[in-house]
Amino acid sequence: MHTSISEILKEKTLKPSRRSLPCLAQSQTHPHNLNHFLSVPLSPEPKANTNTHSVSASCTHITTPPTDATKDQYVEEMETGAYESRTDESLLIQQKPVSRGKLEARTDSVRGNNAPTPSGLTFRDGKKRIDYILVYKKSSPQVEKRCTFERNLRAEGLMLEKEPSLTNNDIMFVKIHAPWDTLCKYAEQMNIRMPFRKKCYFSDWKKKTMGSRFHLRCRQVKSWLPRNPMKLDKEALPDLEETDCYTAPFSRARMHHFTINNRDSFFSNSTRSRIVHHVLQRTKYEDGKSKMGINRLLGNGTYEAAFPPHEGSYKSRHPIKTHGPQNHRHLLYERWARWGIWYKYQPLDLIRRYFGEKIGLYFAWLGWYTGMLIPAALVGLFVFLYGLFTMDSSQVSKEICEANTTIMCPMCEVNCSAWILSDSCVYAKVTHLFDNGGTVFFAIFMAIWATVFLEFWKRRRAELTYDWDLIDWEEEEEELRPQFEAKYSRKERVNPISGKPEPFQPFTDKLSRLMVSVSGIFFMISLVLTAVFAVVVFRLIAMEKFASFQWEFVKKNWQFATSGTGVCINFMIIMSLNVVYEKVAYLLTNLEHPRTESEWENSFALKMFLFQFVNLNSSTFYIAFFLGRFAGRPGDYNKLFNRWRMEECHPSGCLIDLCLQMGVIMVLKQIWNNFMELGYPLLQNWWSRRKMRRAGEQNNVEGKEQLPQWDKDWNLQPMNAHGLVDEYLEMVLQFGFTTIFVAAFPLAPLLALLNNIIEIRLDAYKFVTQWRRPMPARATDIGIWHGILEGIGVVAVITNAFVIAITSDYIPRFVYAFKYGPCVDKGYRHEQCLKGYMNSSLSVFDMGEPKNGSQYQTRYCRYRDYREPPWSSEPYEFTLQFWHVLAARLAFIIVFEHLVFGIKTFIAHLIPDMPKDLCERMRREKYLMQEMMYEAELEHLQKERKKNGKRYHHEWP
């Protein structure tokens, strides 16, 4: 049955659904005291003699009152009078006649006559908001391009005003303001969704059918429970009140449908900056198809920087609780970037509103990943504590610690003697911390956890795209990269989307460049393997040196000394090669000539991931699957270059070496990354502030507070040239470390959790205080990184299966308990079933008659392997137990992989990518939007007819 919108509005209203922008823009878009802040001057009026002697030309826009023709006139003014630029009228974009009011406003903004004291966020008149800032050097030779570009910007409807820097006489700032008409024009072209006039709520039928009493009882019980300390206080974030309404693509023809209470605040600051950036990307500076865009001007040195301004200072003299936030940046700092609120949820809506959806999605993903690490960290901690509490009762550790008469074979052939097995008692106990009965359970848990994390992230992403009004957003057709156009400008084809001719890269050329890039990738991977081989040689040399060391402590703990020094040297090689990899990846990506910036970013991200993943995990793979597998046996050892004997595992297993490798690299890498992310920008900004202070003293500027906002932002560090690639790469590599070898190091999720808690606030502090404000970009997902995460999840299942089966001693102990131990007929019930396991896992070697002066007068020594004794009919051949263990290992790998992959697939199909109630809400709102548009248009037409004196009816006219 058809239900009209009037009947729907009569229903009992429930909790509104959160959408992108608030309906009451004037009262809800800006925090308290923001309008007051915009009117407070941040800097004094620049002195008139600041720029009296300029080296280069400047472009001044002079307007005259319209007579018969209202075309704007542009005149080049020379500060030195030595240069006259050429004006190409064909480059100027034709503009429709404008009104006298607009011309007067434009003239006032340029001349600045009788203007009030300037603000750091507005033009000299104190009214026009700065939406974007361009920075150039007066000494730059690209004067003609800059002047033509700025004239065309004015022809597009933007308003420009220039200011000299107070700290550098060679720097000039171009402030850009987008008037209301220009904003409306491009908002319509870009299909920006804005709040619809009528405010209605989503009616949830489920709540009605379940009854209001049940929900009333739930609310009463919830009110009795203690308040969640991690939730943000609504009073502390007045900007996030849920008084939102539905949105629709903006249209100037239907402007009366939208909620426009205040033109100054209807378009948010991030939306205004995005519109101006859209204009900057499509404005010409020379005659030619590809001679347009701010990116090309930044590349050829015409401009030094282009960025939207921060909304003032992030600090205030007054407390935020009593005086409220000064601006959005101050609010973000107080409620997000401060270290004192590390336990609070992130204000994602405010982050998205200030930095854009792309950065908002990154922090949403990072917060979701950090929250999902909590159960993984707890389970890993329980597994570790289980190993800690059962360390003294472990049968294997007891037998090693009590083996005072078991003589082990020498670890080297020169200056090494036999040693007693009980000397490695501490090593055996530490091994039990990570190689115990909970290892298999934790590996299965982490494989399932990775799937659950990705599947629930899909649902979370769907909710965010709905709340942020990105469901119907389609990415704009990206402009071509300047390098691509310059390379393939002679070959063109029609773009199937835009229908316009554009440069085209032939398939043969693309394939050849791709093959060269792939060859470069394989060369770099071979370089990684060479570095790993060098570390292996170092470990072999260090093993002999530490095993024959003069200090008894080092000689007794030669395993720890060898592994520790090898890991530290490997970490230094990893960090050194990362610098080379970034440059090589950049070179190879440019060699491919990607068509657009997103293609370039995806290709660069994939190369960086492959390089750093192999670089970070190659040595770990060696220790996990190759260490001790090719050592040979006493009397027939395998030697590298016929010189160094291959490294062996400890009698208690090789897992502790893998654990030490992962722990040291993970901790050191996280410390280094955090220093480079925050410490390095802090040092750079400190040096910039020092230079600003010296320049300010020369220009009679008393302090940093006297500088305008554009000067402050210019002295901040620009955002990384690769965007969010480095941020995602760090977290994705950490995700790999957390899942791939987690069976060997159950504390990895806990270390990742602690690091991410710091990482969120560190990144927040960096974005708010240390970096210039990035252009607020839009996105609907995390891009190529989601596919990489799914690939890591598959590799993690296979790797953990091999770690448990081959690296750990779980399978040999399992086979012994069920086949060779004292509990063969009783079943595997307790640790007593492993009695005699250590003696069963050690073979005997005949060293011959003992030499005079040897420490242990014995003929036989023991070594770790399953071989026949020297007195058997087939000495030193593999025993039947060896083949049983090998068969059990292969069977475990097959069963483990099929079981875990089956569970992962079942969970992936069980969890839908979008919540059911969200699907119903979206369909419902689509229906309501159609009804609202119908009735709003009907109401508008009825008013028009009534105004004109025509008859009207209650049906569609």
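Y876 sits in the loop between strand 18 (860–864) and helix 31 (880–910). Here, helices (H or I, at least four residues) and strands (E, at least two) are DSSP runs, numbered from the N terminus. The model is a predicted one, in which local features need pLDDT of at least 70 and side-chain atom pairs count only at pLDDT 80 or more, while totals for chains, interfaces and linings use all residues. Residues are numbered from 1 along each chain as its sequence is written, and side-chain values use heavy atoms, with hydrogens and water left out.

Y876 is buried, with a relative accessible area of 14%. Buried means under 20% relative accessible area, exposed means over 50%, and partly exposed is in between (1.4 Å probe, protein chains only). D469 is also worth a look, with a positive phi of about 65° although it is not a glycine. You will find D469 in the loop between helix 18 (438–467) and helix 19 (482–487). D469 counts as buried because its relative accessibility is 2%.

**The chain as a whole**

The protein chain holds 32 helices and 18 strands. Of its 957 residues, 52% are buried. Contact means heavy atoms within 4.5 Å. Among the contacts in the chain with a separation of 6 or more, 76% are between residues 24 or more positions apart.

**Helix pairs**

Axes are lines fitted to C-alpha atoms, for helices over the stretch in contact, and angles run from 0 to 180 degrees between N-to-C directions. As for handedness, a crossing is left-handed if the near helix is turned anticlockwise from the far one by less than a right angle, and right-handed if clockwise.

| Helix pair | Axes come within | Crossing angle | Handedness |
|---|---|---|---|
| Helix 15 (residues 357–389) and helix 27 (residues 748–770) | 7 Å | roughly 155° | left-handed |
| Helix 26 and helix 28 (residues 784–807) | 9 Å | roughly 20° | right-handed |
| Helix 15 and helix 17 (residues 425–434) | 7 Å | roughly 145° | right-handed |

Angles under 35 degrees count as roughly parallel, over 145 as roughly antiparallel, 65 to 115 as roughly perpendicular and the rest as oblique. Helix 15 and helix 27 are therefore roughly antiparallel to each other. Their contact is made on one side by I359, Y362, F363, L366, G367, Y369, T370, L373, I374, A376, A377 and L381 of helix 15, and on the other by P749, L750, A752, L753, N756, I757, E759, I760, D763, A764 and F767 of helix 27. Sorted by class, this contact of helix 15 with helix 27 has 18 nonpolar, three polar and two charged residues. For these classes, Ala, Val, Leu, Ile, Met, Phe, Trp, Tyr, Cys and Pro count as nonpolar, Asp, Glu, Lys and Arg as charged, and the others, Gly among them, as polar.

Helix 15 also crosses helix 17, passing it in a right-handed crossing. V383, F384, G387 and L388 of helix 15 make this contact with H432, L433 and F434 of helix 17. Its residues are five nonpolar and two polar, with no charged ones.

Now to helix 26 (residues 725–739), which has 15 residues. From its first C-alpha to its last, helix 26 reaches 21 Å, close to the 21 Å expected at 1.5 Å a residue; the expected span is 1.5 Å times one less than the number of residues. Helix 26 is mostly covered, with 14 of its 15 residues buried. Helix 26 and helix 28 are roughly parallel to each other. V725, Y728, L729, V732, F735, G736 and T739 of helix 26 meet W785, I788, L789, I792, A796 and N800 of helix 28. By class, the contact of helix 26 with helix 28 has ten nonpolar, three polar and no charged residues.

F456 belongs to helix 18 and is partly exposed, with a relative accessible area of 31%. Leaving aside neighbours within four places in sequence, F456 is in contact with W368 and I911. F456 and I911 are 455 residues apart along the chain, and their C-alpha atoms are separated by 7.6 Å.

K510, in helix 20 (residues 507–547), counts as exposed at 52% relative accessibility.
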